[in-house]
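Please have the viewer ready as you read.

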Amino acid sequence: MKELPLAAMTFADLIASNFIYSDKTEYLYKLVRYPLPYFLSRPRRFGKSMLVSTLKEIFLGHRDLFTGLWIDRESDYDWSPYPVIHLDMHLVRSVSPKALYESILSNLKAINTAEALDVTDKNPVDFFSNIIKNLNIKYNKAVVVLIDEYDYPILNNISDNTLANDIRKALKEFYGILKSSDGSFRFIFITGVTRFTKTSIFSDFNHLIDITLERDFSNICGFTIEEFDSLFPDHLERALKILKNEGVWGQDSTVSELRQEILDWYDGYSWDGQTRVLNPWSVLNFFRKVDFNNFWFESGTPSFLVNLITDRKVNLNLLDHENTIITDTLNNVDIGKFEPIPVMFQTGYLTVDKVETKRGESLKYFLVVPNLEVKASFFSNLLSLDISLSDPLELKIKSEAILLAITQKNSQKLEDSFHQFLASIDNKLHIPLERFYQTTFMFAMTLANQSVKTEVSTGDGYIDIVLKISKTELFIIKMKYIKIIEDEQDINSSQLELNRSSDKPKAKAKSDEEINHLMNIKAIEALKQIDKKNYISKYLVLGLSITKVVLIVYEMTKIHAIFDKINSIM
């Protein structure tokens, strides 16, 4: 069984140690054949650095490292060595433009020394330009330039618009050296998370080829399902054995079931709407710890994204809803003018579900949340940053209390535990819509590591929430939100539209008895609706224990729950 590559390894180290490697050299061959400049955007911790490291070894001509890989086995690549400039912008200091330039200059000087060149410029822009010229002369060959995480110095300061713009301006001049088309470059490859529109890479570099959304390169990072099945069969067996021994999974659990659970948690990323890949960082960490956890969010989340969501009071329902956007908007981000959906796509919290093409129109992308890890981790961390939680684990504990109440079919416990979970959320994040409470409940169950879906399509409508908590038990959940009503007639007619117009008289405060009566009426109506719509029919033949649940939320202050068990057909 090959070991898991979890440290910050180079391609050469990984191959020398005989660790697991997903062969992406067929995709790289498509790139390296041509003397062109390319850009690739992928989220953090998605394998961009390994890709850059692999390209470096290809252009250094180290064929021996590629024995048995596709580029060695199937291609006609000639393996001629080229001088390579490799800059990892994740490693440069960026607390100020001066610190940025000093750090870049230090990296360039290291290359200068290693190559025994005699570049002495004090300015990193001039130093960069002259080191390229000197390498051209020394080797009588064009230079390969590999820049990893080009945007990291900007993202690292994005909460300070002034500083971020100063860093952008400094980088604009530095990256401007790459615009040359005089034959100095054999190949240019740039990676990043976001596509900032004014960094010279995209504003001035007209011939740069962005392969981020190209179908031919959709699987260039991450594990496809085929790669996952090929690389990890032994690790799957090992993980299942551990889960059984620790009593986490039952003794009758199968490898197939564990595989599906891993896919639910870590698969689903797509850049073309057709092929999907698993998050490599999360998969590797799962097999290391044998625990379904939010590995990627902990290490791959830029804090500016969470700040953006909270500052803009972004509707959290977009995390459980299809979002539509056109190509131009999806690709471009400007400092100080962030739009949540493009940023959430570029950073990995939304992914392409499908692409719509119409003649004469821009491509239209339909975006969704990729998997359970993103749903759980984003919501959990967003709340833990925005509310006064002393321990982020508190959210998970509260979510597990909800789960316990449901498994026990205890209405009072469910009312109390869901109310406590809602009380953890700052009022500014509350949205007076049923969808908010559906989404919040979904996140609570996802935090509790349960299989939960919202807006499940049936032949006659949509089920609000479907929760499966074991192989045999299913809950069909209807969520209702009641707004403040205007008068007594509204109670009798259940006309619950909120009218906040200032010229209307204020609603008379309702007694607890009146509110409870109204909530009970609405709960009974909801149960009847489940029956009328025949929501359960698609599940009856599965031989599951099915329970109908209704949750009524009254103006974020009161909750009413009803359970109604159904006898299934075996």
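This is a predicted model: local features need pLDDT of at least 70, side-chain atom pairs count only at pLDDT 80 or more; totals for chains, interfaces and linings use all residues.

Residues are numbered from 1 along each chain as its sequence is written, and side-chain values use heavy atoms, leaving out hydrogens and water.

K548 and D531 form a salt bridge, meaning a side-chain nitrogen of Lys or Arg within 4 Å of a carboxyl oxygen of Asp or Glu. The count by this rule comes to 16 salt bridges. Three of them are set out here:

| Pair | Closest N and O atoms |
|---|---|
| K548 and D531 | 2.6 Å |
| K48 and E149 | 3.3 Å |
| R276 and D353 | 3.8 Å |

Both K48 and E149 are buried. R276, at 27% relative accessibility, counts as partly exposed, and D353 is partly exposed with a relative accessible area of 27%.

Now for the helices, which are DSSP runs (H or I, at least four residues) numbered from the N terminus. The axes of helix 18 (residues 393-407) and helix 20 (residues 434-447) come within 8 Å and cross at roughly 100°; these axes are lines fitted to C-alpha atoms over the stretch in contact, with angles running from 0 to 180 degrees between N-to-C directions. The two helices are therefore roughly perpendicular (65 to 115 degrees) to each other.

Definitions and conventions:
Angles under 35 degrees count as roughly parallel, over 145 as roughly antiparallel, 65 to 115 as roughly perpendicular and the rest as oblique. Buried means under 20% relative accessible area, exposed over 50%, partly exposed in between (1.4 Å probe, protein chains only).
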